[in-house]
Each structure stands twice: as structure tokens, then as C-alpha cells.
Amino acid sequence: MKRNKILIAMMVIAVLCTGVLFAGGQQDAAPAADTTSSDAPAQVKVAMLMSGPINDGGWNTSAYEGLTRLRDELGFEIAYTEMVPQSQQKSILRNYAQRGYDLVIGHGFEFGDSIMEVAPEFPNVKFYQVGGEVQADNVGSGVFGLGELSYLAGKLSAKFTKTNKIGFIGAMEIPTTLAEIDMLRETIAEVNPKASFTVAYTGSWTDVNKGKEAALAQIANGVDVIVAIGDACDVGAIQAAKERGAYVIGWSGDFNSLAPDIVLTSMVQSVPDMILMQGKMLKEGNWKGMSKVWGVADGVEYPGTWSKMVPAELKDEVMADFEAMKAGTLHKRVN
């Protein structure tokens with residue numbers, strides 16, 4: 001957790017200070033271990049494609065952390081390409097496969113079709129999609145459990161709001177986001193029938209200003225708690241909340257370090273743990289193409305750092321639900 005918070009703080013600080021996100025590019029990282037000896041086993045090589053920048057503080061930052069853990073903890077050689085447009089997905093996947101990478105990861109729902117088209121061309125290369133449900137002999141995928149974290153966020157926002165107006169800022173209207181919105185709406189209505197729930201999309205995973213503008217519009221209409229799902233949307237919503245006295249529940253990464261009082265907590269989806277598990281199976285020789293749902297019980301979804309602004313009794317109530325999910329006595333997953 002400490003590593004995650006430090007990495008997020010370092011990578012997002014440039015965004016907060018300048019409002020500029022880096023342009024896309026390809027990066028091959030130097031091997032972490034000396035493999036010059038002819039007796040040494042061949043170094044495992046893993047490459048990753050991301051649709052956004054590694055400094056978004058959320059979805060893609062967490063993927064980059066997972067990639068670096070493969071290097072630092074398992075001694076793998078790593079490479080990545082960020083800001084990958086859909087039109088270039090297949091050519092970049094093929095490039096990594098042709099260059100001898102053992103595992104090529106597409107980080108996001110949008111990479112599924114391209115992986116399934118390219119993978120049959122390289123039967124000796126393994127492909128993995130984070131955030132999808134594709135599967136073949138050399139293709140695996142993993143998605144996070146939907147509904148569990150949005151139930152916790154819905155309950156927290158419904159009980160914390162003072163204006164009875166809760167907002168949602170999202171990047172894209174994709175199936176996973178829609179499922180979380182449904183659970184948020186259902187939970188808020190159940191916990192606080194007086195509360196309204198307003199949804200807005202920015203159309204961008206990378207535009208901080210759009211996230212901020214959407215949040216400012218909601219705050220101007222009385223919203224005092226915003227749930228943000230969408231990388232730069234989180235950062236923009238936090239900036240708006242700091243200026244106008246509202247609060248944010250982050251998503252994917254732990255955003256507390258950006259505004260310890262303003263960020264009530266974050267609903268963390270630990271991409272690094274999911275990626276590290278793929279690396280361990282690869283290293284041990286038991287990796288296989290399969291599709292898996294990763295949830296609270298798997299230890300990869302959990303509330304992040306809490307703001308001191310959250311009353312202790314409310315925090316305890318939300319965490320009690322979280323522990324019940326881990327124990328299997330509270331069921332809120334929808335996939």
C-alpha cells in the first residue's frame with residue numbers, strides 16, 4: 001500500500017502542477033538482472049499496452065506499478081507502450097510478439113478484440129487482457145468484481161452527504177462503468193431515499209480539465225459528494241472539490257495523497273496484484289488461458305486510505321460490510 005501511494009503521488013504531481021499529460025510512446029525498460037552468463041536461464045519478457053498515460057494516478061498508473069513489480073520482484077524484462085489508439089492496437093501487439101516477448105498484456109476492456117485477432121498468429125506467445133473476458137489456449141483475462149466496491153461507495157456517499165445530492169463523474173459509458181452506476185444508484189436509494197444521484201461523462205480518460213468542469217457543474221447544483229471513475233476524471237473532480245468545498249470518493253487507485261481531507265476514501269482495484277499473479281504463474285510454468293473474476297474475497301479490491309473527515313462510526317460501518325464480503329456473508333457482486 002505504501003509503495004502504491006508513493007508511486008501515485010509522484011506520477012500525478014506533474015498533472016496537478018501543470019495540467020499536462022504526456023504524449024504516448026513506447027518504452028523498453030532495462031533488465032533488472034544480469035543475464036550475460038551463457039548458463040543463465042533466458043529472461044522472461046513481458047510487454048504491456050495502455051490506452052492512457054502511466055501518470056493518470058489511477059487505472060494506468062496501477063498497471064505500470066504491476067509491470068514494475070514483475071521486474072523488481074520476479075526479475076523480468078519489461079516494456080510498455082502508453083496512449084495506444086485503437087487503430088494501432090494490433091500492430092503494436094504483433095510487434096511485441098515478433099520481438100520475442102513471452103507475455104503481452106492489453107490493459108483495458110478496449111483491447112479484447114485485437115488480442116483475439118492477433119493471438120492465433122503467435123501460438124507460443126501468451127496474451128492477457130486486464131478488464132475483459134476473453135479466453136483461448138494462449139489468451140487469458142481478468143475482470144474485477146462489479147458491484148462490491150460500488151455498494152460500499154454508495155453507502156458511504158449516501159450517509160455522508162449533507163445536501164442529499166450525490167454525483168458521479170465517469171470517462172466513458174462502458175459496460176463495467178454502467179454496472180457500477182446501477183449498484184451506486186440502487187444502494188443510495190436504499191440507504192438514503194431523500195438523496196438524488198446525478199451522472200455525467202467526460203468522454204475522455206485523460207482530460208483532467210473535463211473532469212474538473214463536470215465536477216464544478218455538479219457542485220454548483222448542490223452536489224457535495226462525487227464518485228469518480230475514469231482516471232483523469234478522479235484528478236479533475238478532486239481539484240474541483242478542493243476549490244468548492246465538496247468531497248470525492250476515488251476509484252481504481254488510492255487518491256488520498258492528492259487531498260487527504262477531500263478524498264473520503266478510494267475504492268481500490270489492485271491491478272498490480274492481478275498482474276503479479278500472472279507473472280508468478282508464468283515463472284512457475286503453470287500459466288494457462290483462462291478468464292477469472294477478481295473480487296474482494298481475492299484480496300484485490302478494498303477501500304483505500306480514509307479521510308479524517310469521515311466519522312469513525314460511518315467508517316466502521318462501511319468496513320464491517322467490507323469484512324462481510326470477504327467472509328462471504330454479504331453478497332453484492334453482479335458479475
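## Strand pairing around S5

Two strands are taken to pair if DSSP finds at least two bridges between them. The model is predicted, and in it S5 and strand S6 (residues 139-144) pair in the parallel sense over 4 bridges. Within this pairing, Gln129 stands opposite Ser141 in S6.

S5 also pairs with strand S4 (residues 103-107), again in the parallel sense, over 5 bridges. Leu103 has Lys126 of S5 as its bridge partner. S4, helix H4 (residues 112-118) and S5 together make a right-handed β-α-β unit.

## Burial of S5

Residues count as buried when their relative accessible area is under 20%. In strand S5 (residues 126-130), 4 of the 5 residues are buried, so the strand is largely enclosed by the rest of the structure. In a regular strand, side chains alternate between the two faces of the sheet.

## The chain as a whole

The protein chain contains 10 helices and 13 strands. Of its 335 residues, 58% are buried. Its accessible surface comes to about 13700 Å², and carbon and sulfur atoms account for 51% of that area.

Contacts between residues at least 6 apart in sequence were also examined: 70% of them join residues at least 24 apart.

## The largest pocket

The largest pocket holds about 460 Å³ of space. Its lining consists of 23 residues, and Trp59, Ile174, Thr176, Thr177 and Trp205 are the ones nearest its centre. Two or more lining residues come from each of helix H2 (59-74), S6, helix H6 (175-191) and strand S10 (247-252). H6 gives the largest share of the lining, with 3 residues.

## The largest cavity

The count of cavities of 30 Å³ or more comes to 1. The space in the largest cavity is about 30 Å³. Its lining is formed by Tyr128, Gly140, Ser141, Gln278, Lys288, Met290, Lys292 and Trp294. The elements that give two or more residues to this lining are S6 and strand S12 (291-294).

Several of these features meet at S6. This strand pairs with S5, gives two or more residues to the lining of the largest pocket, and gives two or more to that of the largest cavity. Ser141, which has Gln129 opposite it, is one of the residues that line the cavity.

Definitions and conventions: Residues numbered from 1 in each chain as written. Predicted model: local features only at pLDDT ≥ 70, side-chain atom pairs only at ≥ 80, totals over all residues. Heavy atoms only, no water. Buried < 20%, exposed > 50% of the residue type's maximum accessible area, 1.4 Å probe, protein only. Right-handed = clockwise from strand over helix to strand, strands pointing away. Contact = heavy atoms within 4.5 Å. Areas by Shrake-Rupley, 256 points an atom, 1.4 Å probe, with all protein chains shown as cover. 1 Å grid on protein atoms, 1.4 Å probe; cavity = no way out; pocket = protein on both sides within 12 Å on 5 of 7 lines; lining within 4 Å. Points joined across faces, edges and corners; volume = space filled by probe spheres on them.
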